[in-house]
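Here is a short note for someone opening this model for the first time. Please read the points with the structure in view.

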Amino acid sequence: MCYPPYGPRELGRSGVTVPPLGLGCAPLGNLYRAVPEEQAREVVHTALATGAGYFDTAPHYGVGLSEERLGRALHGHDRATYTLSTKVGRRLRPLAPGERAAGEGFVDTPARARVRDLSRDGIRATLDASLTRLGVDAVDIVYLHDVEDQLREVYETGFPALAELRAQGVVRAIGFGMNHSAPLARLVADLDADVVLCAGRWTLLERTAADDLLPVCARRGTSVVVGGVYNSGLLADPSPGAPYNYAPAPAPLLDRARQLAACCAEFNIPLKAAALRFPFGHRAVATAVVGAATPEEMAENARLFTHEIPDELWHTLVARGLLDPDLPLPLND
């Protein structure tokens with residue numbers, strides 16, 4: 001599937017390898033809109049068929065619906081042919097009588113509620129429930145999910161619980177997943193994480209992670225999974241009203257995204273292809289996970305990822321001030 005030089009990469013020193021493109025499974029949990037069951041299954045099967053056999057999910061995604069659908073779609077497939085990650089930090093429980101679930105962006109979800117829980121027992125119970133929903137004996141990677149406001153609990157109980165599971169061989173790789181690069185950088189500096197999933201902070205539009213997270217990951221040998229390469233959709237379609245960080249994009253960012261698109265068009269390169277490729281300029285990046293709500297979206301992402309991009313495009317973006325000159329570029333040589 002992959003255009004050189006991108007092939008499978010190991011996450012830290014864990015022995016877990018991932019393809020350079022994976023599927024972010026939040027849309028399978030009905031993120032923003034309902035996805036029919038058969039359509040969700042076809043998204044997963046298209047990912048497998050295109051070589052994007054790394055699947056990232058979480059209990060948070062549709063309060064377990066994403067995990068359930070992913071498990072059903074993967075049923076019968078050789079477990080050795082794909083890599084699987086989920087997350088802990090939010091334990092699920094049934095709704096009490098008369099209680100209404102908080103959607104948090106997800107619609108038509110099961111009757112469950114989320115409970116923040118970074119205790120040792122809570123993390124083990126959360127992972128056990130995820131394995132049941134996924135229908136597997138083990139996942140390859142477990143992330144502590146959105147814990148930027150719970151750092152004390154991370155240090156005291158959350159990460160020690162994950163490290164214990166790794167030492168016991170229950171999971172092979174552990175780390176953190178969130179949208180904020182600064183706390184990720186602190187956690188990587190202090191703790192023995194194999195991998196982090198950083199969403200939206202290392203893209204054609206954002207360099208934040210290049211200033212804090214990526215250097216410490218390179219120094220520590222911690223791999224980076226990049227999420228949010230389209231910055232919530234702005235780099236997928238920079239038209240008026242396009243979202244950025246899950247809200248309407250500010251005018252200056254919309255203008256910059258449109259300038260990026262215009263420059264890419266001069267080279268006959270789709271903006272989405274450039275957005276998918278750009279993060280791989282940094283050596284700490286192992287893979288990108290991209291959401292898809294339809295099999296066509298998944299197939300397009302896979303096709304665009306293999307789109308040949310001349311080095312001249314990246315140099316032109318720098319020359320025009322659309323990329324900072326100190327950023328690492330995904331050059332072909």
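**Notes on a predicted model**

1. Start with Asp 311. This residue sits in helix α11, which covers residues 311-319. Keep in mind that the model is predicted.

2. Is Asp 311 buried or exposed? Asp 311 is buried, yet it has no salt bridge. The nearest side chain of opposite charge belongs to Arg 277, and it is 7.7 Å away. A salt bridge would need a side-chain nitrogen within 4 Å of a carboxyl oxygen.

3. What does Asp 311 touch beyond its neighbours within four places in sequence? The contacts are Pro 330, Leu 331, Asn 332 and Asp 333.

4. Now turn to Gly 281. It lies in the loop between α9 (271-277) and β14. Leaving out residues up to four places away in sequence, Gly 281 touches Pro 328, Leu 329 and Pro 330. Pro 330 is also in the contact list of Asp 311.

5. Look at the pair Gly 281 and Pro 328. They are 47 residues apart along the chain, but their C-alpha atoms are separated by 5.1 Å.

6. Next, the largest pocket. Its volume is about 1400 Å³. The lining has 50 residues, and the closest to the centre are Ala 26, Leu 31, Gly 228, Ser 232 and Tyr 246. Elements that give two or more residues to this lining are β9 (173-178), β10 (195-199), β14 (285-291) and α10 (295-305).

7. What classes of residue make up the lining of the largest pocket? There are 21 nonpolar, 17 polar and twelve charged residues.

Note on methods. Residues are numbered from 1 along each chain as its sequence is written. This is a predicted model: local features need pLDDT of at least 70, side-chain atom pairs count only at pLDDT 80 or more; totals for chains, interfaces and linings use all residues. Side-chain values use heavy atoms; hydrogens and water are left out. On a 1 Å grid over the protein atoms alone, a cavity is a set of points where a 1.4 Å probe fits but cannot get out, and a pocket is an open set with protein on both sides within 12 Å along at least five of seven lines; lining residues have an atom within 4 Å of a point. Grid points are joined across faces, edges and corners, and a volume is the space filled by probe spheres set on the points. Helices (H or I, at least four residues) and strands (E, at least two) are DSSP runs, numbered from the N terminus. Ala, Val, Leu, Ile, Met, Phe, Trp, Tyr, Cys and Pro count as nonpolar, Asp, Glu, Lys and Arg as charged, and the others, Gly among them, as polar. Buried means under 20% relative accessible area, exposed over 50%, partly exposed in between (1.4 Å probe, protein chains only). Lys and Arg count as positive and Asp and Glu as negative; His and the chain ends are not counted. Contact means heavy atoms within 4.5 Å.
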